[in-house]
Amino acid sequence: MSKVLSYMKPYTWMLLVTVALLAVEVTAALALPGYMADIVNDGVLTGHISVIWRNGLTMLLITLLSVITAVITGFFTARIATGVANDLREAVFKKVLRFSSAEINTFSTSSLITRTTNDITQVQNTLMLAIRLLIYAPMLAVGGIIRALERSVDMTWIVALATIVMVGSMGILFFIALPKFKIVQSLIDRLNLVSRENLSGILVVRAFSTQIFEKKRFDKANKDLADTNLFVDQTFALMLPIVNLVLNLTTALIVWVGAQQAAAFHVNIGDIFAFLQYGMLIIFSFLMVAMMLVLLPRAVVSAGRIKDVLETRSSLLFKKDPIRLTDGFRGEIEFSGVNFRYPDSTEDDEDVLSDISFTAKPGETTAIIGATGSGKTSILKLMLRFYDVTKGKILVDGMDIRDIHKEDLHGKIGYVPQKALLFTGTIRSNLLYADKTAPEERLLDAADTAQAKGFISERPDGYESNVAQGGSNLSGGQRQRISIARALVKNAPIYIFDDSFSALDLKTDAQLRAALKRKTGSSAMIVVAQRISTIMDADQIVVLENGEVVGLGKHKELMKNCQVYREIADSQLSEEEMLASM
């Protein structure tokens, strides 16, 4: 919780003003019962109307002051809580953006969404109440006890007894419900995960007619959360009857004991009324603290989850003074004896990649091919430094990528992911995602090279056409071509294509590869592909099997010398194509 509270420092002056206003509000609340006692003792019982009017107007002014301070206090409290929540969301979001793939996998996407939204909302709501109640209630309790003692020492035991009974009851409820608070947030994570999977995979669910199964899975996650929340709510539902019982019994006891003391002329009638109000204020102050103790556990759990994100250290180590890339950057990539295993692997697990060595030169196309699970995408993730190598080096222009400024490295790479992810907006905004300052000519040229110009121009709004979330209103091939065009807009010295032509027909694939050759002539181009036809013309082909390089060369060389490559070709090419390529 201390990590979260540190975000209150910018709002210290607001907090100090709030404390001062709460002190005024407490003083006003404690003054009213005294004036009420004076009205009864010096006005009603003696028949002095002027005393009633004077004290009544004074009470009205004090009440007005109390209302004004309460409104201002509420304003500052809301500003502080909302500001802290805003800063926390920004901090968590920025932290997540700096996460490597290892940290993302550790938390899971659904959990990070919950931590950024629901957990911070829990902290915000609790903080807004805590600022008021945890400052206001203690001042009110101390002031109320002092004022009550001034009116009657003999009846103080009644308030003490009522407070002990109520705080004891709240404590019992609190310890019954506390374990459940720690479970609620993890159940929200689970519900988010199931909902997210169902919504993103709705077409697969329908295709396999598993709606009933998915409904049962969602119902279980939903019911687990509902049952846990129901247990907590039912436990604390006992609070109101207990509070009402204690308040009513306390009132009756004060009136009964006060009547006996008034009959014996030990206390004035007005003082009984004042003591009764002070007693209620004292009990309510302890009740407010008890309410905070009810809300605090869930906020503490949420704060802990937020802290876990903020204090997570990246598995990637960054140097304090990284190398900044200059305009003379060429883009030659060299893998030198690279081994890699994922950070969450155990000692018994084998390396995903073993002794990978090859060089991708500027102006050439380096293709990577292999069976599923052979390590193709892992090589690309290492190039992009989403992970760090376990052994060996990856050099760019002779510099270890671990020594290069991360933003500079990514700024030199045009990346086309395996899944063509587009963002909500327009086609133009998605193309400009790579370079916000790109001129119109570069956008048009990139779209033309990616074979996207045709279908874009056919749309009524052209480049201003709407793109739905994830590009769901476009076909797979259209999304892939826009994704390629987006990378080309960057005009980068290195281009990485992760199986980025799989959704294209053979004709469009051939046209696109020919256009790319002209467009990226001086850039180093890394292509991961499943189809032999896509990489036959590559200057260098890296063949992978079980994370190892088993072939390196051009197509015809590999057809003669690499059994694995020949088997892949045999499964894809016709006999005539095989003979022509030998």
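How many bridges join strand 1 to strand 4, and which way do the two run? I looked that up before anything else. Strand 1 (residues 333–340) and strand 4 (residues 391–396) run antiparallel and are joined by 5 bridges.

Ground rules for the notebook. I am working on a predicted model, so I kept in mind that local features need pLDDT of at least 70 and side-chain atom pairs pLDDT 80 or more, while totals for chains, interfaces and linings use all residues. Residues are numbered from 1 along each chain as its sequence is written, and side-chain values use heavy atoms, with hydrogens and water left out.

I traced an open sheet of 4 strands in the order 2-1-4-5, with antiparallel pairing. Its edge strands are strand 2 (353–360) and strand 5 (399–400), each pairing on one side only. For the terms, strands are DSSP runs of E with at least two residues, helices are runs of H or I with at least four, and both are numbered from the N terminus. Two strands pair if DSSP finds at least two bridges between them.

I then went through the partners one by one. Strand 1 is joined to strand 2 by 5 bridges, again antiparallel. Isoleucine 333 has alanine 360 as its bridge partner in strand 2, and valine 396 stands opposite isoleucine 333 in strand 4. Further along I found serine 336 opposite lysine 393 of strand 4, and asparagine 339 bridged to lysine 391 in strand 4.

Buried here means under 20% relative accessible area, exposed over 50%, and partly exposed in between (1.4 Å probe, protein chains only).

At the other end of the sheet, strand 4 and strand 5 pair antiparallel over 2 bridges, with leucine 395 opposite aspartate 400. The hairpin of these two strands has 2 residues between them, and aspartate 397 takes a positive phi near 55° there.

Helix 11 (residues 376–383) lies across strand 1, strand 2 and strand 4, at about 65° to strand 2. Contact means heavy atoms within 4.5 Å. Axes are lines fitted to C-alpha atoms, for helices over the stretch in contact, with angles from 0 to 180 degrees between N-to-C directions.

Next I followed an open sheet of 6 strands, order 6-9-10-3-11-12, with mixed pairing. Strand 6 (413–416) and strand 12 (548–553) stand at the edges with a single partner strand each, so one side of each has no neighbour in the sheet. Neighbouring strands are turned by 15° against each other on average, direction ignored. Strand 6 runs parallel to strand 9 (residues 494–498), with 4 bridges joining them. One of the pairs I noted is valine 416 with phenylalanine 497.

Is tyrosine 11 buried or exposed? I have it as buried, because its relative accessibility is 15%. Tyrosine 11 sits in the loop between helix 1 (2–5) and helix 2 (12–44). Leaving out residues up to four places away in sequence, I see tyrosine 11 touching Ile80, Gly83, Val84 and Asp87.

Tryptophan 53, in helix 3 (residues 49–97), counts as exposed because its relative accessibility is 58%.

**Entry: salt bridges**

I found 17 salt bridges in the structure. The criterion is a side-chain nitrogen of Lys or Arg within 4 Å of a carboxyl oxygen of Asp or Glu.

Glutamate 25 and arginine 132 meet at 2.4 Å, N to O. This pair links helix 2 to helix 5 (residues 109–151), 107 residues apart. Glutamate 25 is buried at 5% relative accessibility, and arginine 132 is partly exposed at 24%.

Aspartate 119 and arginine 305 form a salt bridge at 2.8 Å, N to O. Here helix 5 is linked to helix 10 (residues 269–310), with the partners 186 residues apart. Both aspartate 119 and arginine 305 are buried.

My last pair is arginine 330 with glutamate 332, the closest N and O atoms being 3.8 Å apart. I also noted that salt bridges with shared partners join Arg428, Glu440 and Glu464 into one network.
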